[in-house]
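Welcome to my notebook. These entries follow what I looked up, one topic after another.

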Amino acid sequence: MIASLDGGATVDGRAGGLAGAGDRAMFKVMREVADVILVGAATVRAENYGGAKLTVAARQRRQGRGQGEVPPIAVVTGTGALEPESRLFTQTDTPPMIFTTATSAPVVRQRLQGRAEVIDASTTDPVAVDPATVLAELARRRLHRVLCEGGPILLGGMVECGLLDELALTIAPMFVSGGAPRIVAGSTAVTTGLRAAHVLTDEEGYLYTRYTRVG
Ligand SMILES: NC(=O)c1ccc[n+]([C@@H]2O[C@H](COP(=O)([O-])OP(=O)(O)OC[C@H]3O[C@@H](n4cnc5c(N)ncnc54)[C@H](OP(=O)(O)O)[C@@H]3O)[C@@H](O)[C@H]2O)c1
């Protein structure tokens, strides 16, 4: 995740306006080591997500570690409002996974017509995706190292359920003011303590932080 000094997670509705060269490099490295990239549907729509792009060398390093050549994108959506002709489905080397609800799954499967694996990850509430079920389903597919790229609503759900092991947060040297969301959103206030693991900086003044779960 990336945030401004005043805690904003977006500029004009997207995260890109906050990023610098160092953050983009960090983003690539984290994608290279991930087994799967987990993202909320609103971020997919706002950022027009396609599949992960990796160099030949990065693909070979992954194969050497016993990972798939490219980490698939796994999307969490309640409504299933994802355009079948969007980059998510058309510009990718590996089909995405769509985690949705019992209510939406049949319609989404029909709309996507084999372009993605559609998984019902709801439990007692048929209109909500359960973050723990998403992780369990990924683990069943031997996808253990999950890189959650946000956005704030999805990350909020993970934090609320106590499922976040590590936070990699870049702090951009700027204010954004206005009504930008924070990196974690949710209706319930939950206090979650983390331990600082490292802080790096660069000549542009960005801070690259990593925090880990306490205990
Ligand atoms: N600063 C950063 O590092 C960063 C990172 C990522 C994104 N962003 C920005 O954040 C914004 C989008 O974030 P956001 O918080 O609005 O949305 P988000 O977390 O990307 O996606 C929210 C959507 O995901 C689905 N969803 C998430 N949890 C769910 C659950 N438990 N059950 C059912 N559906 C669930 C729903 O999809 P449906 O609507 O399809 O039902 C929901 O509307 C964009 O502006 C993006 O550019 C910033």
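Before starting, I noted that helices (H or I, at least four residues) and strands (E, at least two) are DSSP runs, numbered from the N terminus. With that in hand, I found Arg-142 in the loop between helix H6 (131-140) and E6.

**Ground rules.** I am reading a predicted model, where local features need pLDDT of at least 70 and side-chain atom pairs count only at pLDDT 80 or more, while totals for chains, interfaces and linings use all residues. Residues are numbered from 1 along each chain as its sequence is written, and side-chain values use heavy atoms, with hydrogens and water left out.

**Backbone notes.** I looked up phi for Arg-142 and got a value near 60 degrees, which is positive in a residue other than glycine. I then turned to Gly-151, in the loop between strand E6 (146-148) and H7. The peptide bond that runs from Gly-150 to Gly-151 is cis, and its omega is near 0 degrees.

**Domains.** I see the chain split into domain 1 (1-34 + 150-215) and domain 2 (35-144); such bounds come from an automatic or database domain assignment. Their C-alpha centres are 21 Å apart. Domain 1 brings 14 residues to the contact and domain 2 brings 23 residues, where contact means heavy atoms within 4.5 Å.

**How much area is buried between domain 1 and domain 2?** I noted about 1400 Å², with carbon and sulfur atoms giving 55% of it. Buried area is the accessible area (1.4 Å probe) that two parts lose on being put together, summed over both. On the domain 1 side, Arg-31, Glu-32 and Ala-34 supply 44% of the area buried against domain 2, more than any other three residues.

**Pairs across the boundary.** I counted 3 salt bridges between the domains, each being a side-chain nitrogen of Lys or Arg within 4 Å of a carboxyl oxygen of Asp or Glu. I also noted 9 residue pairs in polar contact between domain 1 and domain 2 (both at pLDDT 80 or more). A polar contact is a pair of N or O atoms within 3.5 Å; within protein, one must be able to donate a hydrogen and the other to accept it, and residues adjacent in sequence count only if both atoms are side-chain atoms. Helix H1 (21-33) and helix H7 (152-160) are the elements that give two or more residues to the side of domain 1 touching domain 2.

**Salt bridges overall.** Searching the whole structure, I found 12 salt bridges. Arg-65 lies in the loop between helix H3 (56-64) and strand E3 (73-76) and Glu-32 in helix H1, so this pair ties together parts 33 residues apart in sequence. The closest N and O atoms of Arg-65 and Glu-32 are 3.9 Å apart.

An oxygen atom of the ligand is 2.4 Å from an N or O atom in the Glu-47 side chain.
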